[in-house]
Amino acid sequence: MEGLGINLPSSSISDGIRDACIRPDIDPTLAAVTVIDSVRALQQHLLLRSRVMVELKQDKPTRMIDELVRYLLKGIAAS
């Protein structure tokens, strides 16, 4: 997973599960791939469509990736 611009390898997720920071029902490999691929998909979408996204002001697309990561990580966090 390294070299993709995101440091979220499955071993870090496994560590989080052991530390009770991440829900125990999460598959570490699947979670890492899902988070990274979700970010990639949004990046590609923004590259192609950000100039014509009428629902957002022009300064918002750059914040969307940070928001996506925040939402995804919140979703796997332990309660």
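**View 1. Helix 1 and helix 2 cross in a right-handed way.** Right-handed is the label when the near helix is turned clockwise from the far one by less than a right angle, and left-handed when anticlockwise. This is a predicted model, where local features need pLDDT of at least 70, side-chain atom pairs count only at pLDDT 80 or more, and totals for chains, interfaces and linings use all residues. Residues are numbered from 1 along each chain as its sequence is written, and side-chain values use heavy atoms, with hydrogens and water left out. Helix 1 spans residues 10-18 and helix 2 spans residues 28-49; their axes come within 8 Å and cross at roughly 125 degrees. That angle makes helix 1 oblique to helix 2. (Under 35 degrees is roughly parallel, over 145 roughly antiparallel, 65 to 115 roughly perpendicular, the rest oblique; axes are lines fitted to C-alpha atoms, for helices over the stretch in contact, with angles from 0 to 180 degrees between N-to-C directions.)

**View 2. Here's who meets whom between helix 1 and helix 2.** From helix 1 come Ser10, Ile13, Ser14 and Ile17, and from helix 2 come Pro28, Thr29, Ala31 and Ala32. Sorted by class, this contact has five nonpolar, three polar and no charged residues. (Ala, Val, Leu, Ile, Met, Phe, Trp, Tyr, Cys and Pro count as nonpolar, Asp, Glu, Lys and Arg as charged, and the others, Gly among them, as polar.) Zoom in on Pro28, which sits in helix 2. Leaving out residues up to four places away in sequence, Pro28 touches Ser10, Ile13, Ser14 and Ile17 (contact means heavy atoms within 4.5 Å). The C-alpha atoms of Pro28 and Ser11 are 7.2 Å apart, although 17 residues separate the two along the chain.

**View 3. The largest nonpolar core has six residues.** Its members are Ile13, Ile22, Ile26, Ala31, Ala32 and Ile76. (Such a core joins buried Ala, Val, Leu, Ile, Met, Phe, Trp, Tyr and Cys residues through side-chain atoms within 4.5 Å; buried means under 20% relative accessible area, exposed over 50%, partly exposed in between, using a 1.4 Å probe and protein chains only.) Ile22 is one of the six, and beyond its neighbours within four places in sequence, Ile22 contacts Ile13, Gly16, Ile17, Ile76, Ala77 and Ala78.

**View 4. Helix 2 and helix 3 pack at about 165 degrees.** Helix 3 covers residues 61-76, and the two axes are 10 Å apart. The angle makes helix 2 roughly antiparallel to helix 3, and this crossing is right-handed. Helix 2 brings Val35, Ser38, Val39, Leu42, Gln43 and Leu46, while helix 3 brings Pro61, Met64, Ile65, Leu68, Val69 and Leu72. That's 10 nonpolar, two polar and no charged residues. Also in helix 2 is Ala41, partly exposed with a relative accessible area of 43%.

**View 5. Ala20 lies in the loop between helix 1 and helix 2.** Its phi is near 65 degrees, a positive value in a residue other than glycine. Ala20 is exposed, at 54% relative accessible area.

**View 6. Stepping back, the protein has three helices and zero strands.** (Helices are DSSP runs of H or I with at least four residues, strands runs of E with at least two, numbered from the N terminus.) The order from the N terminus is α-α-α. Of the 79 residues, 23% are buried. Among contacts with a separation of 6 or more, 49% link residues 24 or more positions apart.
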